Amino acid sequence: MRETRLWSLHLLVIPIIVVLLGTHFAIIHYAPVFYGMSVEEARSFEVMIERGRSIAQFVLYILLLAAGLYHGLYGLRGIIRELPLTPALAKLVDVGIVLFGLFIFGFGTYVTWWTFSFKIGG
Amino acid sequence: MNSNSPKSYPNRLGLKGWVYAGRYTFERYLYLGHRLSGMGLIAYMVLHIIETANRMRGVEAWQGLMALFASPPFKVVEYLLFAAAVFHAMNGVRLLLTELGFFLGKPKEPVYPYSSSVMRHRPLTYVIMALAGLIIILGGSSLFFP
Amino acid sequence: MTASHKTITPREITFRVRRFDPETDSAPHWDSYTLNVTEGMTVLEALHQLKAEKEPTLAWRSSCRMGVCGSCGMFINDLPQLACQTQLLHLGTDVVTVAPLPNYPNVKDLVPNLEPLIEKHVTIKPFIIHPNPQEIDEPTGEFIQSAEEREAFSQFTYCIKCGLCLAACPTVATDPLFLGPQALAQAYRYTADNRDCGLKERLEAIDIFHGPYQCHLAGACSQACPKGVDPAFGIQLLKRTLVLDSIGVGKKKSSVAKVRPLADVVKAIEEFAPPPRTVVSN
């Protein structure tokens with residue numbers, strides 16, 4: 001059942017990514033259309049920090065990070081494991097990808113938390 | 001095959017069978033595009049997380065990075081990534097539906113000339129690819145017509 | 001696929017055939033021959049003529065010469081096809097390349113070793129698994145299966161184990177452990193059969209990394225299949241079956257086909273009235 005569960009989760013996170021990544025695109029790339037500010041302004045340090053201090057942004061960014069990492073790394077694991085590997089190497093790929101994913105998730109969560117708790121003026 | 005018989009020649013296509021879609025159907029090329037765009041997107045995602053962590057180095061470092069990303073070569077790369085993401089998402093919607101057995105028709109007795117589920121969902125494929133093309137072109141309008 | 005009048009004119013065609021003699025060669029090489037090809041000639045007939053007239057050592061596998069045995073699968077003009085069902089003039093080219101099926105070990109010349117195909121087929125338990133196994137070995141009657149229940153899996157029963165689908169599949173090209181379209185479609189064939197309740201027994205063999213989830217719907221298998229089995233369809237339906245089963249919405253043992261006792265079968269046949277005569281004798 002395990003492989004079925006892993007694949008089902010790979011599919012289940014798709015709507016999460018479509019909605020959250022679409023929103024992310026709208027905010028970052030289409031700021032003039034959606035927020036009435038120029039793209040340069042939307043990406044400035046001050047505006048970025050201000051955005052990141054909302055609880056909604058904090059939660060949704062971490063959700064997007066988790067969903068995107070799971071979906072992408074499950075796909076990458078599939079591509080690498082489709083090569084002819086010994087059982088030991090296959091296990092190493094599985095473990096390595098999980099560890100890599102956890103590391104990047106941890107790092108991304110740390111940066112998001114840093115932004116959320118940023119004190120203006122030091 | 002007993003151990004006394006002469007050695008067969010290993011005839012697996014390997015990566016060439018993965019990459020070279022040759023005279024196979026449109027869906028085989030979409031599979032290749034989906035794989036390549038997926039690999040590009042995951043490489044970008046990891047780099048993006050690392051690059052946006054530069055905020056922790058302060059305002060000047062961040063502004064320098066944003067100035068770099070506003071330069072023309074990066075704008076082109078950004079657009080290509082957008083195109084890859086749109087293609088991957090739209091083709092992914094097709095795969096999400098069809099890999100769960102939707103839009104493939106019902107099993108029925110094969111009568112020559114045979115139809116296949118792959119051909120039966122071709123209209124859906126065309127609609128999805130047309131939509132993807134439209135979004136890619138519209139999305140790039142701010143780049144082509146600033 | 002129709003060919004233009006120009007391309008189906010009988011003419012001389014060059015055959016590039018991949019040769020490999022395991023006793024003398026370390027790698028395959030290509031040999032060229034020419035033949036005058038007439039309307040209706042198949043690749044298989046051309047091979048017979050080449051062997052008789054030009055190259056007596058040419059080796060390949062064939063049997064029925066009419067597309068039912070599945071023996072003569074070859075890589076013809078870069079597509080896996082049955083040699084007996086490939087009309088030379090309809091290929092539309094002046095040079096026809098004939099190579100052994102890829103993704104199988106090459107025994108000699110155009111002969112593939114199809115053991116990988118058969119071994120993978122065996123792992124998915126290609127037989128009816130019934131709650132009462134004795135009924136399979138010592139039947140007491142007839143399984144009740146309606147026409148609709150039969151049609152739910154019937155197209156997948158037409159597989160002739162020719163192996164063209166594994167030759168076409170991009171995943172089989174890189175992954176020797178991938179079960180392949182044939183085994184996975186057959187796994188669906190048995191799981192969808194209302195006489196079978198063996199999904200649990202087959203899970204160990206199919207719910208693995210090298211199972212249906214490494215099919216990404218490239219569709220090459222269904223394009224190559226000469227009997228309209230459409231293995232890609234079987235694999236997607238298998239994925240649906242596995243996902244539903246994982247959330248507890250699978251086939252129940254109680255819904256397996258009932259047995260109609262033999263006495264009732266005989267009675268039904270005896271009571272069966274023939275349709276009215278359509279030819280009136282005078």
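1. The axes are lines fitted to C-alpha atoms, for helices over the stretch in contact, and angles run from 0 to 180 degrees between N-to-C directions. Helices (H or I, at least four residues) and strands (E, at least two) are DSSP runs, numbered from the N terminus.

2. This is a predicted model, in which local features need pLDDT of at least 70 and side-chain atom pairs count only at pLDDT 80 or more, while totals for chains, interfaces and linings use all residues. Residues are numbered from 1 along each chain as its sequence is written, and chains are lettered from A and ligands numbered from 1 in the order in which they are written.

3. In chain B, H4(B) and helix H6 (residues 122-139) pack at an angle of about 160 degrees, with axes 9 Å apart. H4(B) and H6(B) are therefore roughly antiparallel. Among the residues making this contact are B:Phe82, B:Val86 and B:Phe87 of H4(B) and B:Leu124, B:Ile128 and B:Leu131 of H6(B); residues are in contact if their C-beta atoms, placed from the backbone, lie within 7 Å. By class, the contact has 12 nonpolar, 2 polar and 1 charged residues. Here Ala, Val, Leu, Ile, Met, Phe, Trp, Tyr, Cys and Pro count as nonpolar, Asp, Glu, Lys and Arg as charged, and the others, Gly among them, as polar.

4. H5(A) contributes A:Gly68, A:Gly72, A:Gly75, A:Leu76 and A:Ile79 to the contact, and the residues from H2(B) include B:Arg35, B:Gly38 and B:Met39. This contact divides into 6 nonpolar, 4 polar and 1 charged.

5. The contact between chains B and C takes 35 residues from chain B and 44 from chain C. On the chain B side, helices H1 (15-19), H2 (26-52), H4 (72-98) and H5 (117-120) give two or more residues each. That side holds 17 nonpolar, 10 polar and 8 charged residues.

6. Between chains A and C, 11 residues of chain A are in contact with 13 residues of chain C. H1(A) gives the most to the chain A side, with 5 residues. The classes on that side are 4 nonpolar, 3 polar and 4 charged.

7. Chain C has 12 helices and 9 strands.

8. In the largest nonpolar core, with 68 residues, C:Ala168 and C:Leu184 touch the most other members. Its largest share, 7 residues, comes from helix H8 (residues 180-192) of chain C. A nonpolar core is a set of buried Ala, Val, Leu, Ile, Met, Phe, Trp, Tyr and Cys residues joined through C-beta atoms within 7 Å.

9. C:Gly67 lies in the loop between helix H1 (43-53) and strand S3 (73-76) of chain C. With 17 C-beta neighbours inside 10 Å, C:Gly67 counts as partly exposed. Leaving out residues up to four places away in sequence, C:Gly67 touches C:Leu82, C:Cys84, C:Gln85 and C:Pro226.

Key:
Two residues are in contact if their C-beta atoms, placed from the backbone, lie within 7 Å. A residue is buried if 20 or more other C-beta atoms lie within 10 Å of its own, exposed if 12 or fewer, and partly exposed in between; C-beta atoms are placed from the backbone. Angles under 35 degrees count as roughly parallel, over 145 as roughly antiparallel, 65 to 115 as roughly perpendicular and the rest as oblique.
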